[in-house]
Amino acid sequence: QVQLVESGGGLVRPGGSLSLSCAASGRTGRMFPMGWFRQIPGKEREFVAAVTYSGTNYADSVQGRFRVSRDETRNMIFLEMNDLNPEDTAVYYCAADPSRNNLVSGGATYWGQGTQVTVSS
């Protein structure tokens, strides 16, 4: 089993920045592909960004504004979010899966509990 715990959500004004962290514990072995998803109430969860065996991937809506990174020594990934706008308001989830395809398609095996990000003036 792999446990994922997110932190760093909160309230930020439009145009501001916020960073999220996700700590992985348990049977991670070689660090799995890990990523971030977000969900607005009433809508499907959507892919945001991922760090996989071959590099990073971003949704078009966050490309150039968000940056995903990992620290393998601490089994953590991070999401740096810049130039935030109200459309970025959502619950952000950390996810992990040994398969990159499973991860980016939203079918990851492991999920965190989510952290709320609210962008509002």
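Buried means under 20% relative accessible area. In this predicted model, that cut-off settles the first stop of the tour: R65 counts as buried because its relative accessibility is 14%.

**Stop 1: R65 and its loop**

Select R65. The residue sits in the loop between β6 (55–58) and β7 (66–71). Now show what surrounds R65: leaving aside residues up to four places away in sequence, R65 touches E80, M81, N82, D83, L84, N85 and D88.

**Stop 2: the pair R65 and D88**

What joins the side chains of R65 and D88? A polar contact of 2.8 Å does. The two side chains also meet in a salt bridge, at 2.8 Å from N to O. R65 lies in the loop between β6 and β7, while D88 lies in the loop between β8 (76–81) and β9 (90–96), so the pair ties together parts that are 23 residues apart in sequence. To see both loops, colour β6 and β7, then β8 and β9.

Is D88 buried or exposed? D88 counts as buried because its relative accessibility is 1%.

**Stop 3**

Next select E46 and R38. Their side chains meet in a salt bridge, with an N to O distance of 2.5 Å. With a surface displayed, compare the two ends of this bridge. R38 counts as buried, at 5% relative accessibility. E46, at 34% relative accessibility, counts as partly exposed.

**Stop 4: the pair R70 and E72**

Move on to R70 and E72. R70 forms a salt bridge with E72, and the closest N and O atoms are 3.8 Å apart. How accessible is R70? R70 is partly exposed, with a relative accessible area of 22%. E72 is exposed, because its relative accessible area is 53% and the cut-off for exposed is over 50%.

**Stop 5: the network**

Finally, select R38, E46, R65 and D88 together. Salt bridges that share partners join these four residues into one network.

Key:
Residues are numbered from 1 along each chain as its sequence is written. This is a predicted model: local features need pLDDT of at least 70, side-chain atom pairs count only at pLDDT 80 or more; totals for chains, interfaces and linings use all residues. Side-chain values use heavy atoms; hydrogens and water are left out. Helices (H or I, at least four residues) and strands (E, at least two) are DSSP runs, numbered from the N terminus. Buried means under 20% relative accessible area, exposed over 50%, partly exposed in between (1.4 Å probe, protein chains only). A polar contact is a pair of N or O atoms within 3.5 Å; within protein, one must be able to donate a hydrogen and the other to accept it, and residues adjacent in sequence count only if both atoms are side-chain atoms. Contact means heavy atoms within 4.5 Å.
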